[in-house]
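Here are some notes on the structure for a first reading. Please keep the model open beside the text and look up each residue as it comes.

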Amino acid sequence: IITSGGCKKVIRLLKTLKTDAEIDIPLSSFDIMSIVFAMENSKLSHQRLYEGLLILSIRDWLSYLISNPAFLRSLNVIDGSRKIITSKDSEEGVISLFQELKELVEKIGEELAPYDYQRRPNVLKESIL
């Protein structure tokens, strides 16, 4: 109830992006789940009609983690048994996952605002999905 299902939806989205990526993304499902669980709950809960904001929230979170690698490396998996980032490969996996998500946001913008280039970056904030 805390995230109104947003956490589950974001985890499912990231796992799908990982699976569908043309490159190997060296993150386990547990790593992805732990990255999402490290987010603030308020960033995972949006009004049902504006769930596109979930995509922007996880994109912004991954961007923050990439911009703050020391913080990223400090995060533990959910059960506290290890760090999420255990190698340079797993750190690059977060970057790759971010790139996949960024491409998705761009494609959604193209679909929802095909002729309005200035609106595309904000289309997920404004659209009812």
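1. A residue is called buried when its relative accessible area is under 20%, exposed when it is over 50%, and partly exposed in between. By that rule R82, with a relative accessible area of 31%, is partly exposed. The model is a predicted one, and the points below should be read with that in mind.

2. Start with the overall make-up. The protein has six helices and zero strands. Read from the N terminus on, the elements run α-α-α-α-α-α. Of the 129 residues in the protein, 37% are buried.

3. Next, the salt bridges. How many does a search of the whole structure find? The search finds three salt bridges. One of them joins R82 to D31, and the closest N and O atoms of this pair are 2.8 Å apart. R82 sits in the loop between helix 4 and helix 5, whereas D31 belongs to helix 2 (residues 29-37), so the bridge ties together parts that are 51 residues apart in sequence.

4. Is D31 buried or exposed? Its relative accessibility is 6%, so D31 counts as buried.

5. Another salt bridge is formed by R73 and E91, with 3.1 Å between the closest N and O atoms. Because R73 lies in helix 4 and E91 in helix 5, this pair ties together parts that are 18 residues apart in sequence. R73 has 40% relative accessibility and therefore counts as partly exposed. E91, at 11%, counts as buried.

6. R59 and D60 also form a salt bridge, and the closest N and O atoms are 3.1 Å apart. D60 is partly exposed, with a relative accessible area of 43%.

7. Now the aromatic rings. A search of the whole structure finds three aromatic pairs. One is W61 with Y64: the ring centres are 5.9 Å apart and the planes are at 15°. Why does this pair count as stacked? Planes under 30 degrees apart count as stacked, and the angle for W61 and Y64 is 15°, so the pair meets that condition.

8. W61 and Y64 both lie in helix 3 (residues 52-67), three residues apart, which is about one turn of the helix. W61 is buried, with a relative accessible area of 14%, while Y64, at 40% relative accessibility, counts as partly exposed.

9. W61 also pairs with F71, and this pair is edge-to-face, with 6.2 Å from centre to centre and 85° between the planes. W61 is in helix 3 and F71 is in helix 4 (residues 69-74), so the pair ties together parts that are ten residues apart in sequence. F71 is partly exposed, with a relative accessible area of 32%. Through such ring pairs W61, Y64 and F71 are linked into a cluster.

10. Which residues form a negative surface patch? The patch is made by E22, E103, E106, E110 and E111. One of these, E106, is placed in helix 5 (residues 88-112). A patch takes residues with over 30% relative accessible area and no salt bridge. E106 has a relative accessible area of 44%, so E106 is partly exposed and passes the area condition.

11. I25 and V94 are 69 residues apart in sequence, and their C-alpha atoms are 7.9 Å apart in space. I25 is found in the loop between helix 1 (6-20) and helix 2. With 2% relative accessibility, I25 counts as buried.

12. The other pair is S4 and S45. They are 41 residues apart along the chain, and 5.9 Å separates their C-alpha atoms. S4 lies in the segment before helix 1. Its relative accessibility is 46%, so S4 counts as partly exposed.

13. To check your reading, go back to helix 4. F71 in helix 4 pairs with W61 of helix 3, and R73 in helix 4 pairs with E91 of helix 5. F71 takes part through an edge-to-face ring pair, and R73 through a salt bridge.

Terms used. Residues numbered from 1 in each chain as written. Predicted model: local features only at pLDDT ≥ 70, side-chain atom pairs only at ≥ 80, totals over all residues. Heavy atoms only, no water. Patch = residues over 30% accessible without salt bridge, like charges linked within 9 Å, V, L, I, M, F, W, Y side chains within 5 Å. Areas by Shrake-Rupley, 256 points an atom, 1.4 Å probe, with all protein chains shown as cover. Salt bridge = Lys/Arg side-chain N within 4 Å of Asp/Glu carboxyl O. Lys, Arg positive; Asp, Glu negative; His and termini not counted. Charge placed at Lys NZ, Arg CZ, Asp CG, Glu CD. Helix = DSSP H or I, 4+ residues; strand = E, 2+ residues; numbered from the N terminus. Buried < 20%, exposed > 50% of the residue type's maximum accessible area, 1.4 Å probe, protein only. Phe/Tyr/Trp six-rings, centres within 6.5 Å; stacked < 30°, edge-to-face > 60°.
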